[in-house]
Amino acid sequence: MSGQLPPIINRVTKVGAGYIYVPGTKYRCIDCTKFLPDKDSTDGKCLEFSKNDIVSEDGYCCLWSFGNGLGNVTPRGSWEPAEAGYGEDSHGTLCLNCEYMIEFKDPRCQKVEGPINPRACCNNQSPRQEADHSAKTAQDMLLMYSQEPSLAEAS
Ligand code: SF4
Ligand code: SF4
């Protein structure tokens, strides 16, 4: 099996992975209650980071929490962006944009147990490379799940 990674047999639980499904979001900073937008740009600050750290409305991290922005509050500097897994991707961090999602019709994950919702997210998320978004499989998935899926809600 040289050159190939062994298959992952023991997946983590959804709780262990921080799996969440919130309909209608892509899990970006713009939908996070901790995002402190700059009124003159699409960037802003994050409640969790320092006042010197800039975050984009297309940002994401493991501390994401759905909701409206908190308004005029001061960043508290609890985390470094890298510690929280901060990154930026205009596609968001949906499972359907993650390299670990497999099985279109009965969506599964290589890392997380059980059925998943293609519009969910978790802390193991690994965005496909930008070039891959034009790949046929990605296009198929985006087409299939361009609306909220009618499949039974995955827990
Ligand atoms: S960096 Fe994380 S916690 Fe901060 S606004 Fe973005 S998603 Fe929310
Ligand atoms: S497909 Fe990616 S984001 Fe979705 S549960 Fe699996 S690892 Fe997490």
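Predicted model: local features only at pLDDT ≥ 70, side-chain atom pairs only at ≥ 80, totals over all residues.
Me: What is the average pLDDT of the protein?

Reply: The average is 84. A pLDDT of at least 70 is reached by 77% of the residues.

Me: Which elements does the protein contain, and in what order do they run?

Reply: Count them, then follow the chain. The protein has 2 helices and 7 strands. From the N terminus on, the order is α-β-β-β-β-β-β-β-α.

Me: In what order do the strands of the open sheet stand, and what is the sense of pairing?

Reply: Three names give the order: E1-E2-E3. The sheet is open, and the pairing is antiparallel. Strand E1 (35-37) and strand E3 (55-56) each have a single partner strand, so each stands at an edge with one side lacking a neighbour in the sheet.

Me: Over how many bridges do E2 and E3 pair?

Reply: Strand E2, residues 43-46, pairs with E3 over 2 bridges, in the antiparallel sense. For a residue-level view, find aspartate 43: opposite it stands serine 56 in E3.

Me: Which residues come nearest to ligand 1?

Reply: Read a shell in two steps: who is there, then what kind. Around ligand 1 there are 14 residues, of which Cys29, Cys32, Phe35, Cys46 and Cys61 come nearest. By kind, the shell holds 11 nonpolar, 1 polar and 2 charged residues.

Me: How many residues surround ligand 2, and which are the closest?

Reply: Ligand 2 has 15 residues around it. Cys95, Cys98, Cys109, Cys122 and Gln125 are the closest. This shell splits into 12 nonpolar, 2 polar and 1 charged.

Me: Is glutamine 110 buried, exposed or partly exposed?

Reply: Count the neighbours. A residue is buried at 20 or more other C-beta atoms within 10 Å, and exposed at 12 or fewer. Glutamine 110 has 15, so it is partly exposed.

Me: Where does glutamine 110 lie?

Reply: Glutamine 110 sits in the loop between strand E7 (108-109) and helix H2 (136-144). Now look along the chain: asparagine 10 is 100 residues away, yet the two C-alpha atoms are separated by 9.3 Å.

Me: Among contacts between residues at least 6 apart in sequence, what share join residues at least 24 apart?

Reply: In this protein the share is 68%.

Key:
Residues numbered from 1 in each chain as written. Chains lettered and ligands numbered in written order. Near = placed C-beta within 6 Å. Nonpolar A, V, L, I, M, F, W, Y, C, P; charged D, E, K, R; others polar. Helix = DSSP H or I, 4+ residues; strand = E, 2+ residues; numbered from the N terminus. Contact = placed C-beta atoms within 7 Å. Pairing = 2+ DSSP bridges. pLDDT = per-residue confidence, 0-100.
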